[in-house]
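Student: Can we go through this model together? I would like to start with the backbone and then look at the helix packing.

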Amino acid sequence: MDDNYKHPVDEKKVKFKANIVGSKKETRVWTLLIIVVTFFISIFMSFFSNKTIGNASTAVSFLIVFIIIIISILFDVVGTAATAADEAPFHSMASRKLYGARQAIRLIRNADKVSNFCNDVVGDICGVVSGAAVALIVYRFSGNATNSQNSIFALSFTALVASLTVGGKSLGKSIALSNSNYIIYKVAIITNFPFGKFKILKKLNFRSKRKKQNKKTKSQKDKGN
C-alpha cells in the first residue's frame, strides 16, 4: 500500500448505511412470488425443450439449444441495464407524455426485482434447461458412436455451450452498461401494456410507498406543531 493512503485507527468504527431497497414484508412477498414463478417457468421450459428436442432432428435440437442461450443473454442484458440506467432523462420524457417513459421509471425504481427476474430466474432456468438439452442431445448421439467418440462429443459440445453463454453474457453486459437508458426504454415500450395495464410493479411497491408517505406527513405535522 502507498504511503499516501492510510487505514482508519479503529476500523470497527467505520460504518456504512444500508441502501434502502424495500421493506422486509415486500421482500418476503417478492421472494415467495419469485419462487412460485420460477417453479412453473422451469417446468414449462423443461417440458417444452425435452419434448421438442426428443422429436426433432439433430439440426433442430442444436438450434433450440442456441435459442435458449440467446434468451439467457438477452435477459441478462435487460437485468444489467436496469441496474445501470439513469432515471433522470425519463422524467423529462414523462413530462412530454412519451409512450413508455413512466414504465421505464418503474423498471429503474424496481431494478432489484427486474435484475432478480432477468439475471437469476430466467438466466438460471435457461442454464439448467440448456444443460438438460445438451445431455439429451449427447444421449441421442451416443447411440451411433463409440465410447471415445461419445466422450469427445459430450465434452466439446458442453464446453461450446458454456463458452457461448459466458462469452455472450460478457459482451451483453458491456453493451448494457454502455446503452442502459436506450435498452430500458425499448423494454419499457414492449412491457408498457401488460405491466402498465395491470400496474404490476406499482402494486408491489404500493405498501412501502404508502408507509413512506405516512412517515413524511407525520414528520411534517411534527414540524408544524
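Student: Which residue just after H3 takes a positive phi?

Tutor: Lys 97 does, with a phi of about 60°. Helices here are DSSP runs of H or I with at least four residues, and strands are runs of E with at least two, numbered from the N terminus. This is a predicted model, where local features need pLDDT of at least 70, side-chain atom pairs count only at pLDDT 80 or more, and totals for chains, interfaces and linings use all residues. Residues are numbered from 1 along each chain as its sequence is written, and side-chain values use heavy atoms, with hydrogens and water left out.

Student: Which residues of H3 are buried?

Tutor: In H3, residues 88–95, they are Phe 90, Met 93 and Ala 94. Buried means under 20% relative accessible area, exposed over 50%, and partly exposed in between, with a 1.4 Å probe and protein chains only.

Student: Where do they fall, seen down the axis?

Tutor: The buried residues of H3 fall within an arc of 100°, so they line one face of the helix. The arc is that of the directions from the helix axis to the C-beta atoms.

Student: Switching to packing. At what angle do H2 and H5 pack?

Tutor: About 165°, with their axes 8 Å apart. Axes are lines fitted to C-alpha atoms, for helices over the stretch in contact, and angles run from 0 to 180 degrees between N-to-C directions. H2 and H5 are therefore roughly antiparallel; that label needs an angle over 145 degrees, while under 35 counts as roughly parallel, 65 to 115 as roughly perpendicular and the rest as oblique.

Student: And how do H1 and H5 pack?

Tutor: H1 (residues 24–55) and H5 (residues 111–141) pack at about 25°, with axes 10 Å apart. They are therefore roughly parallel to each other.

Student: Is Cys 118 buried or exposed? And Cys 126, buried or exposed?

Tutor: Cys 118 counts as buried at 6% relative accessibility. Cys 126 is buried too, at 2%.
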